[in-house]
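Dear colleague,

Please find below the structure that I am handing over to you, followed by an account of what was found in it.

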Amino acid sequence: MTVIGYLANGLVFSSIIVLGSIGLSLVYSIADFANFAHGDTMTIGAYTALVTFGVVGGLGGAVLGLPYGFFLALVVGIAAAAVVAVVTERVIYEPLDVDSIGLLITSIGIAFVYRALIQIRFGSDFTRFDIQPLRPIESLVPYGVRVTLHDVAIVASAAVLVVGLHVLLQYTDLGRKMRAMADNPDLARVSGIRTRRVKLWTWVIGAGLAGAGGVFLGLFNQLSPRMGFNLLLVIFAAVILGGIGSVYGAMAGGFLIGMINQLTPFFSDVVEALPIWPGWLASLLESLVSIEYANAIAFVIMVAVLLVRPNGIAGEGAT
Amino acid sequence: MSHDTTRPAGATDGADPVLSLSGVDSGYGEVQVLDDCSVRLDPGEIVCLVGPNGAGKSTVLKTAFGMLTPWTGTVSYHGRDIGGMAPEEIVREGIGYVPQTDNVFGSLTIDENLRMGGVARDSGLEAVIETLYDRFPIIEEKRSAKAKTLSGGQRQVLAFARALVMEPDVLLIDEPSAGLAPNTADDVFEDVEEVNDMETAILMVEQNVTKGLGISDRGYVLDQGTVRFEGTPEELLNDEEVSQLYLGG
């Protein structure tokens with residue numbers, strides 16, 4: 001595969017990571033809490049879409065190799081993730097009188113509950129959407145790019161959602177309130193912003209995007225009850241890399257982490273091609289820079305970036 | 001305005017106060033700061049709270065604005081008890097608050113800051129923002145700039161303007177001159193007077209006693225959470241006991 005090929009794969013995977021990172025970052029900056037159940041919120045979106053697709057799968061025609069029913073299932077998956085998150089916030093997190101560390105630990109428990117419920121209903125095996133897998137787009141294959149129309153659909157949908165979020169944040173009243181709350185929650189209340197309501201919308205948006213990410217992850221790979229949780233640390237890395245609390249940073253961080261993850265085979269080609277001496281170092285590097293360690297490599301790069309920019313890509317210098 | 005309200009202790013003239021704290025105990029968590037504190041603000045007045053550090057001056061403002069709930073006693077606004085009401089609701093009643101620090105949204109533009117000041121308005125937001133720009137041209141020039149790029153004095157002006165978007169009839173200001181260079185502080189005091197000319201009564205806390213009282217109609221000297229002296233600026237500044245004990249002179 002060529003560099004462009006790896007970059008194209010990276011773009012697809014990045015799209016999924018970005019959708020997950022945004023919600024984690026939004027909830028962190030506005031509700032002031034690192035939500036460890038965020039990965040499993042993605043899983044909820046994926047499985048809800050799976051069930052919905054099972055019911056409406058045969059609906060109508062198809063776009064980009066995906067039946068219309070898939071898009072309906074996507075919307076239901078997004079809605080389910082949002083509803084579950086809002087209910088959890090209202091029933092569990094909000095009544096709890098604990099600090100942000102207490103909430104963090106609670107959310108780990110909630111993550112287990114979400115996953116257990118899915119496992120009880122669906123078992124722990126892998127499963128997939130009942131959609132015919134596609135061949136890579138013929139005209140791109142000569143360039144070493146092996147992406148399917150499904151991949152194009154993932155990237156395009158993620159782009160629409162990210163642009164939509166940008167418009168919401170910059171040009172709507174709710175978006176301005178969300179930014180104001182992330183900036184200075186006390187002043188937000190003093191200004192008359194009903195912060196509880198804004199917080200709930202933050203959950204809706206953050207969990208909804210996570211749900212979408214989960215559905216696409218299921219389409220990209222397959223579904224399993226651990227799918228979201230397995231991605232959670234990578235998403236945290238993306239959010240921290242971008243500058244925790246900055247939504248745009250989270251987008252940038254998600255993009256980079258997804259890219260690095262998919263570019264790992266290319267990195268190992270490069271390591272192999274380099275005249276590294278002595279030989280033992282070359283073979284050590286060759287075995288370390290391999291696909292099994294893709295996540296670890298992403299973390300190493302995260303650490304390297306943070307050493308230079310302690311507040312992440314979008315963070316403001318050093319404090 | 002109703003005329004059958006209970007007059008708080010110490011009220012002397014004929015007007016009903018817009019805002020009054022009567023016999024208020026209040027504090028943070030378990031720590032009591034205010035002890036039987038009574039403060040009154042009449043329509044159109046500027047009233048200054050002075051006193052040593054830790055006397056509870058800022059706590060008076062925070063209790064009046066619902067950031068703290070009074071343990072005992074009442075906070076009334078136009079004769080209605082607002083004690084313990086949430087800040088975001090008190091704003092809707094017609095009281096504004098300018099915190100001492102972190103009083104602008106740094107990552108939002110000047111324009112967005114003012115819009116946030118008006119989230120509780122039903123109508124007329126654009127018009128009132130334009131009026132404020134006319135009054136404070138110093139921030140109009142920078143309306144699309146992020147608030148964190150403003151100088152200290154400009155920031156304070158924006159903080160006032162944000163609170164004024166609601167056209168409150170009471171404005172609570174915590175240490176308007178804190179951290180400002182002397183001539184910038186003078187400008188800010190002029191702005192306070194100008195805000196007062198818009199028929200907004202002002203209750204403010206100020207470290208700079210001479211300047212704070214200088215623009216005020218009345219003042220209170222607080223110590224250990226309670227009012228020790230009350231009077232006109234002249235009375236307070238000329239009182240030997242007050243100046244020796246509390247005004248560092």
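This is a predicted model: local features need pLDDT of at least 70, side-chain atom pairs count only at pLDDT 80 or more; totals for chains, interfaces and linings use all residues.

**A buried glutamate and its surroundings**

B:Glu175 is placed in the loop between β7 and α7 (182-197) of chain B. Its phi is near 50°, a positive value in a residue other than glycine.

B:Glu167 is not a glycine either, yet has a positive phi of about 50°. The loop that holds B:Glu167 runs between α6 and β7 (170-174) of chain B. B:Glu167 has 17 C-beta neighbours inside 10 Å and therefore counts as partly exposed.

Chain A contributes a further backbone feature. The peptide bond that joins A:Trp277 and A:Pro278 is cis, with omega at about 0°. A:Pro278 sits in the loop between α10 (247-273) and α11 of chain A.

**Chain B**

Chain B is built from 10 helices and 10 strands. The radius of gyration of chain B is 18 Å, close to the 18 Å that the globule rule gives for 249 residues, so chain B is as compact as a globular protein of that length. Its C-alpha trace spans about 50 × 40 × 40 Å along the principal axes. Buried residues make up 47% of the 249 in chain B. Among the contacts in chain B with a separation of 6 or more, 66% are between residues 24 or more positions apart.

One residue illustrates such contacts. B:Leu203 is located in strand β8 (residues 201-205) of chain B. It has 28 C-beta neighbours inside 10 Å and so counts as buried. Leaving aside neighbours within four places in sequence, B:Leu203 is in contact with B:Leu19, B:Leu41, B:Val47, B:Leu61, B:Val170 and B:Leu172. B:Leu203 and B:Cys48 are 155 residues apart in sequence, while their C-alpha atoms are 6.0 Å apart in space.

A helix pair in chain B may also be of interest to you. The axes of α3(B) and helix α6 (residues 152-164) of chain B come within 7 Å and cross at roughly 35°. This crossing of α3(B) and α6(B) is right-handed. On the side of α3(B), the residues that meet α6(B) are B:Ile110, B:Asn113, B:Leu114, B:Met116 and B:Gly117. Their counterparts in α6(B) are B:Leu158, B:Ala161, B:Arg162 and B:Ala163. By class, this contact of α3(B) with α6(B) has six nonpolar, two polar and one charged residues.

**Chain A**

Chain A has 12 helices and two strands. From the N terminus on, its elements run α-α-β-β-α-α-α-α-α-α-α-α-α-α. The radius of gyration of chain A is 20 Å, close to the 20 Å that the globule rule gives for 319 residues, so chain A is as compact as a globular protein of that length. Along its principal axes the C-alpha trace of chain A spans about 60 × 55 × 40 Å. Of its 319 residues, 49% count as buried.

An unreviewed UniProt entry lists several spans of chain A as "transmembrane region", including residues 7-31 and 232-260. In the model, residues 7-31 of chain A are 100% helix and 0% strand, and the end C-alpha atoms lie 34 Å apart. Residues 232-260 of chain A are 86% helix and 0% strand, with end C-alpha atoms 16 Å apart.

A:Glu286 lies in helix α11 (residues 279-288) of chain A. With 14 C-beta neighbours inside 10 Å, A:Glu286 counts as partly exposed. Not counting residues up to four places away in sequence, A:Glu286 touches A:Ser268, A:Val271 and A:Glu272.

**Where the chains meet**

The contact between the chains involves 20 residues of chain B and 14 residues of chain A. On the side of chain B that touches chain A, α2 (87-93) and α3 (110-117) of chain B each supply at least two residues. The residues on that side of chain B divide into 10 nonpolar, four polar and six charged.

With kind regards

Key: Residues are numbered from 1 along each chain as its sequence is written. Chains are lettered from A and ligands numbered from 1 in the order in which they are written. Two residues are in contact if their C-beta atoms, placed from the backbone, lie within 7 Å. Helices (H or I, at least four residues) and strands (E, at least two) are DSSP runs, numbered from the N terminus. Ala, Val, Leu, Ile, Met, Phe, Trp, Tyr, Cys and Pro count as nonpolar, Asp, Glu, Lys and Arg as charged, and the others, Gly among them, as polar. The radius of gyration is taken over C-alpha atoms; the globule rule is 2.2 Å times the number of residues to the power 0.38. A residue is buried if 20 or more other C-beta atoms lie within 10 Å of its own, exposed if 12 or fewer, and partly exposed in between; C-beta atoms are placed from the backbone. UniProt positions are given in the numbering used here, feature names are shortened, and annotations may be inferred rather than shown by experiment. Axes are lines fitted to C-alpha atoms, for helices over the stretch in contact, and angles run from 0 to 180 degrees between N-to-C directions. A crossing is left-handed if the near helix is turned anticlockwise from the far one by less than a right angle, and right-handed if clockwise.
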